[in-house]
Amino acid sequence: MTSIGVGSPGSRTPASTFSCQPSEGDHLARRGAKRRQARLSLTTLLFLLFLAAPALAQVPQDTLPLLTPDEVAARVLAQNPTVLVARLERAIAERDATLGNAGFLPTLSLDATQRRVPTRPDLSFRTDNYLLDASANARVTVFEGLARFARYRGLQAQARARAFDAEATAERVLADALVTYYDVARQQEQLRVLREAVALSDERLRIADGRRTVGAASELEVRRALVDLNADRAALLRQENVLTQSKAFLAQLLDRPGAAFRVADSIAVDRALALAALEDAALASSPDLRAAEASVEASEETRTAVRRELWPRLDLTAGYALSDVTDPLLPPAQAGGFSYGFTATFDLFDANDRRRRLGNADLRTQQQEALLGQARTALLTSLASTHTVYRRSLALVALEEENVEAARQNVTVALERFRLGVSTSLELREVQRALTDTQSRRAAARFEAKQAEIELRTLSSGLLPR
């Protein structure tokens with residue numbers, strides 16, 4: 001009979017089976033526990049980084065030069081072709097509004113003629129005579145029914161209308177540029193939102209992989225987390241393309257090659273724009289309204305000038321004439337002298353041309369008055385509707401900010417529940433999507449509020465630097 005003793009050579013059971021030394025399985029278990037503890041520490045660190053992501057997102061992460069709204073305004077007003085064309089139109093109108101163009105200044109002309117007279121037929125020899133005539137004449141209108149004063153005031157009114165048109169054009173172009181600028185800011189904020197979503201999805205994948213290692217999660221859960229992470233990464237890449245295109249459009253608008261710049265990290269909205277104050281400022285300073293009023297004044301002065309053409313016209317003329325005759329058979333002879341006089345002109349019939357022009361001037365004045373009323377109504381209507389959009393956008397901003405805070409707290413709870421294995425990855429994904437959606441809606445609401453603010457300042461003539 002074979003005895004079985006501890007460490008007996010004939011025993012088929014290894015002596016280590018009954019030994020008090022730690023087994024290989026114990027070592028594996030301890031290493032697994034250490035790995036799980038390390039994963040938990042890493043998870044905690046990433047979790048804390050996720051909570052701090054909104055604060056970190058406020059710090060610029062690149063070294064690109066910052067483009068400010070003031071720089072946008074300065075560049076647009078100095079270089080935009082549309083603004084330059086409007087200013088040239090204003091300059092042309094200002095050059096036309098002169099006393100000479102209105103008929104106040106006299107006219108002066110100088111004429112000189114030299115003629116050669118052929119040989120006299122009654123002479124047997126050939127000879128040529130030369131005659132030189134020179135004259136200087138001046139004409140000044142003394143009276144024409146004061147039509148010149150009406151024409152001059154009309155030219156000045158047209159120059160003011162073109163100046164107000166140029167100002168309105170500059171405000172509209174500047175408003176478009178600023179809206180584009182803050183659209184780039186919105187795209188930047190959306191990029192930060194998607195980067196935060198990628199960070200959260202990466203944390204979810206790490207937790208799922210750690211749970212699979214200890215047998216608390218399946219391979220399917222890890223793959224779902226990986227698919228969602230890749231989807232978030234793809235959305236981030238698409239958003240980077242959108243931001244690049246938006247910056248390129250802004251650079252083109254500013255005539256600034258390339259898109260190597262960044263804009264403001266946030267969109268600040270003025271929340272204190274009151275409708276009554278905006279209406280008062282618009283009625284007092286709106287360039288569109290001032291241009292319409294100047295056009296009415298110009299039409300009225302044109303009508304006045306046509307009416308005063310019914311009066312006779314009195315011109316004062318003065319001149320000096322000189323004639324020099326050169327004849328080989330006669331001594332040199334000169335003749336000339338000073339002359340002056342008055343010329344009175346009164347049109348008895350001009351084929352009803354004055355009547356036609358007077359009727360057109362009346363119709364033009366009525367047309368400009370109708371356009372003035374339309375401009376005033378459109379201005380007040382646009383102010384009221386835009387201010388309504390502005391107030392509602394501010395309410396949306398406040399609502400979405402509250403939603404973002406609630407969604408962020410939900411993500412914190414859901415992430416901890418998922419780490420503990422209480423909730424599923426699908427539940428965490430839904431909470432994550434809710435946070436991303438609310439952050440995107442908040443960015444859109446801020447942009448819409450800023451866009452309404454810019455429109456209100458444009459309508460009330462408060463956008464351009466004064």
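Rings of Phe, Tyr and Trp (its six-membered ring) are taken to pair if their centres lie within 6.5 Å; planes under 30 degrees apart count as stacked, over 60 as edge-to-face and the rest as tilted. By this rule, the count comes to five aromatic pairs. The model is predicted, so local features need pLDDT of at least 70 and side-chain atom pairs count only at pLDDT 80 or more, while totals for chains, interfaces and linings use all residues. Side-chain values use heavy atoms, without hydrogens and water, and residues are numbered from 1 along each chain as its sequence is written.

Helices (H or I, at least four residues) and strands (E, at least two) are DSSP runs, numbered from the N terminus. Phe143 is partly exposed, at 32% relative accessible area. Trp311 is exposed, at 51%. Here buried means under 20% relative accessible area, exposed over 50% and partly exposed in between (1.4 Å probe, protein chains only).

Tyr181 and Tyr182 form an edge-to-face pair, with 5.1 Å from centre to centre and 90 degrees between the planes. Tyr181 is buried, at 1% relative accessibility. Tyr182 is buried as well, at 10%. Elsewhere, ring pairs link Phe104, Phe149 and Tyr152 into a cluster.

Charged groups also sit over rings (NZ of Lys or CZ of Arg within 6 Å of the ring centre and within 35 degrees of the ring normal). The charged end of Arg211 is placed over the ring of Phe418, 5.1 Å from its centre. Lys247 lies over the face of Phe261, at 5.3 Å from the ring centre.

A nonpolar core is a set of buried Ala, Val, Leu, Ile, Met, Phe, Trp, Tyr and Cys residues joined through side-chain atoms within 4.5 Å. The largest has 64 residues. Tyr181 is among those with the most contacts inside this core, as are Leu67, Val72, Leu250, Val263, Tyr390 and Ile454. Helices supplying at least two residues each include H2 (69-79), H5 (147-213), H6 (219-253) and H9 (353-419). H5 gives the most, with 18 residues. Val72 touches Leu67, Ala177, Leu178, Tyr181 and Leu254 (heavy atoms within 4.5 Å), not counting residues up to four places away in sequence. A second, separate core has six residues, among them Ala93, Ala97, Ala102 and Leu155.
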